[in-house]
Amino acid sequence: MREITLSRAVNEAIAEEMRRDPAVFVIGEDVAEAGTPFKVLSGLVEEFGTGRVIDTPIAEPGFMGIAVGTALTGSRPVVDLMFGDFLFLVMDQLCNQAAKTHYMSGGKLSVPLVVRTNLGATRRSAAQHSQSLHALVAHIPGLKVALPSSAYEAKGLMKTAIRDNNPVVIFEDKLMYNDKAPVPEEEYLIPFGVANVKRQGTDITLIATSSMVQVAEKAADLLTAEGISAEVIDPRTIVPLDEATILASVRKTGRAIVIDEGHLNYGITAEIAARISEKAFYHLDGPVLRMGAMDVPVPFSPVLEDLTVPTPEGVVANARRLMRGEVFHAG
Amino acid sequence: MPDDVIMPALGMAQETGLLLRWLKAPGEAVTAGEALFEVETDKTTMEVEAQASGFLSEISAEAGQEVPVGQTIAVIAASQGAIRAKMVDSASVAPDAVAVAVPEPAVTPPTVAVSPPVATAPRNGVLASPKARRLAAEAGLNLKLLIEAGHPQPYHAADIPRLQALAVPAAAPAVPAAGPAAAAEAAGHIAARIPRAGMDAFVHRMQAEAGVTIAPSALCAAFAAAALREAREHPGDLVVELVALTGPARPLLNPDRARLSAQSEAQQMPPDLILRDLTGSPLTALRLAPPAVPVLSLADDGDCLLLTLDFVTLMLDAPAAIALVTGLAARMSDPLINLV
């Protein structure tokens, strides 16, 4: 099977959907000639023209509002938000308008838009361009949230997102744009709410999102050498979340670690850990551990920045403690 | 001469200051100019610096306390020998105040990880994982037996076999060489007959297609380990000792986790299960004294294989024994599907 970069996979997904459905268009900063600063959308404006690949001024609330309006009136916009950190600028349009209009209109109106943005630190982009804010939008009823972990997921999830009649936010990890993965030539879609069990195991379940899937896989390799068999699960979408797969795994292993690149406090890992504790409680042989980015603004210093994110060694250390029954709260 | 540390007046009309927290511990070395404590006034929070160098001593105000301006709240002693503790609620300093043990000035932050785990039970309960509690409840056992036996908490699923071992003597006389009645109470025997067609076909196919010779006993050892692991929900190493009528015993380490052609031998580890291979001989059963370790016998029986498990409930309880034999029989009757 051919291997292509995540960047190429996203480009293919959007181009294919734009060919398939004339209502699909792209809007955002530097999406046309520049093809975005990450060069993901290169070639689209040449094929579809400036009527369907629209460059905007630096005005996020403005173009998000435009996208919501066009989505309400028959179009299917793909909004390009250059950095996930800019979510703060579009919260009202996204969370108060896009997320709630279908419900508040008694089902009469739909907002079939896709927000394409990114997450991930360790790129030396400092605190305001390195945040992983998927927890914020996952919290809002009416929004779906997808987290591709490789080129294969990126293409399949993007196509599903564009065809979904609900507002969807897709977060790509900005460090993975040049990472290659096997991607079929034939068309395929990845459904939302279906987790991928990347490897089977019997001793401990590692649930990881986005680039943390690679961290979990490396940790699983290290753990195998120590005789610990880890199962690795990629939820792919956190809204909707494939609870059944996660719970079945934890009932089998009795131990779980949830790894995400958002900040640890009040994040994705807390939600997944809570659901596991609620619904697989009597199968747990140890507390569900969470690993996330340190609760500090992402540092600009490379040395400090690298300290703030979960690493395979960190996962291995936690897994060992769980296996030995050393995680407890004394007294 | 020790220097007094007083609550300063940080504002014009300020009469008291709220001591937020001490930035130095009792007995800790202090340098003049270093921040010593934090005070909150009605306007702001400020750090107050030490006015002298020495060792912090005789602290008489604690964090969260409202202190009148000008009151002495501590003393900076000139030397470590002069450090004294002072009762917070005492009005005056007694000249012969008792010197208290001085904490080390350099204090390492407490670490969280502990090995081996030691904990005290919360109130009147037992510290155990939800899974351990469930397994104990299902077996009708009380986790407190483990506490009484001195096993350190918290308890996990892996501690349940130990609990079962503790519970048994309560039911029967505790003497190991007990009479037949006690042995019959504690001993178990389970037999299963499996059609050998599936296994023979698999062995034949491996020989024909891959040129690999597999002994049924080796396959049985691997499947037995897998079935035992499942029956016991056992996360650690398993040793299956393969015993033939003649020849040395082979202790196999985790035979279910290695390739059939590359089994590793356990070095000086006690076996969890003994597999006695009686195939190729006219014997169908071999039951000696109640075994300390469960013994699985594999024998020929016409077009079937006979599996018999002899065990004592000390090492393996009845449900687990049944699960072991059932699981093993299922795997042996169709090896191809069950080999991962």
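Reply: Start with the inventory. Chain B has eight helices and 15 strands. Chain A has 11 helices and 14 strands. Helices (H or I, at least four residues) and strands (E, at least two) are DSSP runs, numbered from the N terminus.

Me: What kind of model is this, and how are things numbered?

Reply: This is a predicted model: local features need pLDDT of at least 70, side-chain atom pairs count only at pLDDT 80 or more, and totals for chains, interfaces and linings use all residues. Residues are numbered from 1 along each chain as its sequence is written, chains are lettered from A and ligands numbered from 1 in the order in which they are written, and side-chain values use heavy atoms, with hydrogens and water left out.

Me: What share of the residues counts as buried in each chain?

Reply: Buried means under 20% relative accessible area, exposed over 50%, partly exposed in between (1.4 Å probe, protein chains only). In chain A, 57% of the 331 residues are buried. In chain B, buried residues are 41% of 340.

Me: And the accessible surface?

Reply: These areas come from the Shrake-Rupley method with a 1.4 Å probe; for residues, only the protein chains shown count as cover. Chain A exposes about 13,200 Å², and carbon and sulfur atoms hold 56% of that. For chain B the surface is about 18,600 Å², with 58% on carbon and sulfur.

Me: How do I read a sheet?

Reply: Strands of a sheet pair through backbone hydrogen bonds, either parallel or antiparallel. Here, two strands pair if DSSP finds at least two bridges between them. Chain B has an open sheet of seven strands, in the order S9-S15-S14-S13-S10-S11-S12, with mixed pairing. Its edge strands are S9 (187–195) and S12 (264–265) of chain B, each pairing on one side only. Within chain B, S10 (residues 239–244) and S13 (residues 273–277) run parallel over five bridges. Leu242(B) has Leu275(B) in S13(B) as its bridge partner.

Me: Is strand S5 of chain A enclosed or open, and why?

Reply: In a regular strand the side chains alternate between the two faces of the sheet. So check both sides. Val114(A), Arg116(A) and Asn118(A) are buried on one face of S5(A), and Val115(A), Thr117(A) and Leu119(A) on the other. Six of the six residues of S5 (residues 114–119) are buried, so the strand is largely enclosed by the rest of the structure.

Me: Which strands pair with S5(A)?

Reply: S4 (residues 76–80) of chain A runs parallel to S5(A), joined by three bridges. Val78(A) is bridged to Val114(A) there. The chain passes from S4(A) through helix H4 (residues 87–104) to S5(A), a right-handed β-α-β crossover. Right-handed means that, with the strands pointing away from the viewer, the path from the first strand over the helix to the second runs clockwise. S7 (residues 168–173) of chain A also pairs with S5(A), parallel, over six bridges. One such pair is Arg116(A) with Ile170(A).

Me: How do I find the inward face of a helix?

Reply: An α-helix has 3.6 residues a turn, so residues three or four places apart point the same way. In H7 (residues 212–225) of chain A, the buried residues are Met212(A), Val213(A), Val215(A), Ala216(A), Ala219(A), Ala220(A) and Leu223(A). Down the axis of H7(A), they fall within an arc of 150°, so they line one face of the helix. That arc is of the directions from the helix axis to the C-beta atoms. Among the elements they pack against are strand S10 (204–208) and helix H11 (312–323) of chain A.

Notes: Contact means heavy atoms within 4.5 Å.
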